[in-house]
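Welcome to the tour! Open your viewer, get ready to select residues by number, and follow along stop by stop.

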Amino acid sequence: MALRNILKLPDETLNKKSRDVTAFDDKLWVLLDDMHDTLEKHDGVGIAAVQVGILRRVIVIDLGDGVIELINPEILHSIGSQRELEGCLSCPDLWGYVVRPDFVKVKSMNRHGKPQFHEADDLLAIAICHEIDHLNGVVFPDVADEMVDKDEAEAERERKPHRKRRKKKVRR
Ligand code: CO
């Protein structure tokens, strides 16, 4: 287990586009395990490899009910829209509202290079879209339609207790 340093705005690496993973080897598995440890340590719900300085298309998500690893993800299909408050481990003390699809179907690879498919709604759909944005060099303040301060962010979470997961902070 190892923790990696999380890049924060305005680090320009966060605006770079990540490349596809081509080798499903020990190096990738160590990266995935380290990303999970780092995510857990910071009480986040999702992390993209670029956030630890690796420009590869790798995502780890944990909403509190199991770890999801997505490598070279692509959204095949999306339906509807939802507008929710987002935060990000790379954007401390920033919160804002982003419009995301309500449902996504995603194709990706698992850590062994086998294709896998996920269908996601609610917070998982948001997390997947937020992390795929990271792979394309986009951080949520770039796509938020409204930024709010800390008090307002906390008040919004109080209003929507059903959206809270096991982990207290909703950061990706
Ligand atoms: Co993020």
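Here, buried means under 20% relative accessible area, exposed means over 50%, and partly exposed lies in between (1.4 Å probe, protein chains only). You are looking at a predicted model, in which local features need pLDDT of at least 70, side-chain atom pairs count only at pLDDT 80 or more, and totals for chains, interfaces and linings use all residues. Residues are numbered from 1 along each chain as its sequence is written, and side-chain values use heavy atoms, with hydrogens and water left out.

**Stop 1: helix α4**

Helices (H or I, at least four residues) and strands (E, at least two) are DSSP runs, numbered from the N terminus. Select residues 150–159, which form helix α4 and include E152. Which residues of α4 are buried? They are A153, E156 and R157. These residues sit on the same side of α4 because they cover an arc of only 100° around the axis, the arc being that of the directions from the helix axis to the C-beta atoms.

Turn to the face of α4 directed away from its buried side, and you will find the exposed residues D151, E158 and R159. E152 is partly exposed, with a relative accessible area of 36%. Select G96 as well: its C-alpha atom is 9.8 Å from that of E152, although the two residues are 56 apart along the chain.

**Stop 2: the nonpolar cores**

A nonpolar core is a set of buried Ala, Val, Leu, Ile, Met, Phe, Trp, Tyr and Cys residues joined through side-chain atoms within 4.5 Å. The largest one here has 20 residues, and I59, I61, L124 and I128 have the most contacts inside it. Two or more residues each come from β2 (58–62), β3 (67–79), β6 (103–109) and α2 (122–135). The biggest contributor is α2, with nine residues.

Zoom in on L124. Leaving aside neighbours within four places in sequence, L124 is in contact (heavy atoms within 4.5 Å) with I61, L63 and I68. Apart from this core lies another, of 14 residues, including I47, V52, V60 and L89.

**Stop 3: the cysteines**

How many disulfides does a search of the whole structure find? The count is zero, where a disulfide is a pair of cysteine sulfur atoms within 2.5 Å. Select C91, which is buried at 1% relative accessibility. Its closest cysteine sulfur, in C88, is 3.9 Å away, too far for a bond. Finish with C129, buried at 7%; its sulfur is 14 Å from the closest cysteine sulfur, also in C88, so it is too far for a bond.
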